[in-house]
Amino acid sequence: MPVHRFWLLDINYEVRNHQPEIWLWGVSEDGERILVIDRGFPTYFYVLPASGEDPERIAERIELARVNLPLITGVEVVDRRLFGKPVRAVKVYCLDPDLVSEYVKSILKIRGVDSCLEDDIRYSMRYMIDNNIVPCGWHEVEADEISNTIGAQVDRVLLAKSKPKYLPEIIKMPNLRIMGFSTVFYSRKGSPKPEINPVVVISVATNTGEEKQFIANSSESDSDVIEAFIKCVREFDPDIIVGFETNRRDMQYLAVRARKNGLTLRVGRADAEPHTSAYGHMSITGRAHIDLLDYADEFPEVKIKTLENIADYLGVMKIGERTLIEDFEIAQYWEDEGKRPILLKFSMENARCIIGVMERIIDFAVQLSSLVGLPLDHVGTAAVGFRVEWFLIRHAYQIGELIPKRLERPYAPYAGAIVLEPKPGVHENVAVLDFKSMYPSIMMAFNISPDTYIPPGEPEPPSGAYVAPEINHRFRKEPHGFYSEVLSKLIKARDKVREDLKRIDPKSPEYRLLDARQKAIKVIANATYGYAGWIGARWYIKPVAEAVTAWGRYIIMSAIKMARDLGLEVIYGDTDSIFVRNDPEKIESLSKMIWEKLGLEIKPDKIYVRALFTEAKKRYCGLMPDGRLDMVGLEVVRGDWANVAKNIQEKVLEIILKGQSVKKAVEYVRNYITDLRERKIPFKDLIIWKTLTKDLEEYEVKAPHVEAAKLLQKEGWLLNIGDKVGFVITSGSGKLYERAKPYIFASYSDIDIEYYVTNQIIPAALRILSLFNVKENDLLPPKSAKPQTLFDFLGKK
DNA sequence: GCAGCCCTATTACCT
DNA sequence: ACAGGTAATAGGGCTGCG
């Protein structure tokens, strides 16, 4: 029997005449694209007997019910665990995975049945979990080639004769063909609507350096563009198809446009259009469709998540070297034959950026996919909680733990971490001591887990219990809990990868992959506490989250006391960090003492040459040895302040912390205000960006960004939850929300400059300078220097 | 009618 | 649609004031 080795790119299943087949889309070692079909996998779910009911009797009743449920193929009683407690369950095998929910409904009516479990696990996920098949991993399968009757776009179709076997030791990636694309939709005014507005440009770039552009002949017909694009995809036959905002926008848009033109957007390897899949992802059978926007959250420094900003941040293409056209300008560039080439250039650059950003993300995406077990095209779209959960589910299967149902629960807040009151002012030589992965360490050290929790009234086991401070939740010391096991597995894996990294050439592809792997592991380990406190978690038990933070508070308070007892001055602290005057010897003793008494690691994370603390918590700035400023929480790092405020604050911090001159800082602010009043500051620096967090009608109060959004909507712009609204404050009378205008509708002469002076620049500067007794009046340039225009005057009245 | 106060809604940050 | 703790602004209601 021939053995085939392949890397798993995508998975789906098909059901014909109630017979399911798993389709595994892969790339073989020698670069062939293959489809492995596996017909031999049963679907199943569990039935839990009501308390006091005999599972054998339940199994018999289900057997009897098979007359009416002909697709049930078998019933067996099995031993499993649920939240660590042994349970005997009835495992019911069923032929057609698409009929499971129907069958569950019938079985729930059988006497003595309490509930069903794992009927909510998709067949393709079930297949991977039970057979330890790993997306983006190499596998070996015994299989025979069969004829490609389904017309799949692959080199070979194989019928599996064995279950594929995962080969964890192979970490290299096959050479994948990646295609990036970027679209231009044309609408004369407002957001383009797929029902009426055509796609006029599609630009394509590939990781092999090919570039293509399809341009509509007229604004009326886009069938040629779409047809050419489909042909292009089929010819290049990408493994990964990637774009920006494609889940929400392009895929559906193109599918609708295709239909309008009597076409089908047949871009998959099987005969189908893109279709909506889990987590709002648009799936393309046989390929991995990746929307780079899904990875934007990995870069919190990028406040406005546009392709150009992300490409700029990652060094793919600097903003300054780019052709940039904003959405509201597209129509005029398309309409004007003279300007159209600029639009085409812009679109092509977008496609290049997409490929460039993809190349910087792919390693992480691949590692995350193989770590948590979600297919490459799904893992980016899945929220953090679901990524953690799929990792847990794989582990649960291995230890015979049943997967609990996702329940609707009311929000139940609990106490979190401690934040110290900072000592305001400038401090020299400050060390920041951090606990190493505090919450995961706590969960492991005190065995905190849903399955080790001892509810009040239950006796303590002979092996003893850990009791959380303040709240007194108890957790049995033995055996190891679910979370504890998962976390130590993760941490051991990460330590091993980091050990391997030391022996590898940092420039090799292998190094990049392993580095991405250790990052993926870190992300999942660090998110586990948050998952445990999430009411949507399958493995949620409130005391678990509550106990973790309680121990966290106890530990940091103990550490602070020890530091003080050692004579270390504690300047500030937040959750798992303490800021002390840098005294390496004492810090060393403290670190030792904490390890001995608390069993946790703490070490200096960074040293500030000088640091400035405001009166407020979570807002400070440190000067690092290399001269850079570490600005935390202040306006300068916030996305919802105008650049004028952020620029000023950064400059003030620099002058204060490096130059140590309050006078120079004050002078700088005054000059800046003068420049602004003379309109020497770019218009763009006056835009304030705020996110819409709900539908416009849902807002209870009038707010500037909401009113600006309504103006945009009135002009035909579609706004979604999560969109950022860029607005400016214009002069006139009334509330701010009456004077906020979308920046695309305003010009410099509309601007209320004094708003920016009083409500942006002055507060941002005073946040720092008030520590040195500087007052608002000190920052305002002398009245004579202010050229009052008639307009300003009228605006004030 | 409005200044001053306080509370709430809203957003974005920190760890 | 991973957690709680926190700062900050703008809006809005209320009080008191010739």
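**Exercise 1. Aromatic rings.** Determine how many aromatic pairs the structure holds, and state which residues ring pairs link into a cluster with Tyr13.

*Solution.* The count comes to 29 aromatic pairs, where rings of Phe, Tyr and Trp (its six-membered ring) pair if their centres lie within 6.5 Å. Ring pairs join Tyr13 to Phe41, Tyr123 and Tyr127 in a cluster.

The model is predicted: local features need pLDDT of at least 70, side-chain atom pairs count only at pLDDT 80 or more, and totals for chains, interfaces and linings use all residues. Residues are numbered from 1 along each chain as its sequence is written, chains are lettered from A and ligands numbered from 1 in the order in which they are written, and side-chain values use heavy atoms, with hydrogens and water left out.

**Exercise 2. Charges over rings.** Find which ring lies under the charged end of arginine 340, and which under lysine 477.

*Solution.* A charge sits over a ring if NZ of Lys or CZ of Arg is within 6 Å of the ring centre and within 35 degrees of the ring normal. For arginine 340, the ring is that of tryptophan 334, with the charged end 3.6 Å from its centre. For lysine 477, the ring is that of tyrosine 466, at 5.0 Å from the ring centre.

**Exercise 3. Helix 11 and helix 14.** Describe how helix 11 and helix 14 pack.

*Solution.* Helices (H or I, at least four residues) are DSSP runs, numbered from the N terminus. Axes are lines fitted to C-alpha atoms over the stretch in contact, and angles run from 0 to 180 degrees between N-to-C directions.

1. Helix 11 (residues 438-445) and helix 14 (residues 542-565) have axes 10 Å apart, at an angle of about 110 degrees.
2. The two helices are therefore roughly perpendicular (65 to 115 degrees; under 35 is roughly parallel, over 145 roughly antiparallel and the rest oblique).
3. Contact means heavy atoms within 4.5 Å. Helix 11 contributes Met438, Tyr439, Ile442 and Met443, while helix 14 contributes residues including Trp551 and Ile555.
4. This contact of helix 11 with helix 14 has eight nonpolar, two polar and no charged residues (nonpolar: Ala, Val, Leu, Ile, Met, Phe, Trp, Tyr, Cys and Pro; charged: Asp, Glu, Lys and Arg; polar: the others, Gly among them).

**Exercise 4. Helix 8 and helix 13.** State at what angle helix 8 and helix 13 cross.

*Solution.*

1. The axes of helix 8 (residues 340-372) and helix 13 (residues 509-532) come within 8 Å and cross at roughly 55 degrees.
2. Helix 8 is therefore oblique to helix 13.
3. Among the residues in contact are Phe364 of helix 8 and Ile521 of helix 13.
4. By class, the contact of helix 8 with helix 13 comprises 10 nonpolar, two polar and five charged residues.

Technical notes. Phe/Tyr/Trp six-rings, centres within 6.5 Å; stacked < 30°, edge-to-face > 60°.
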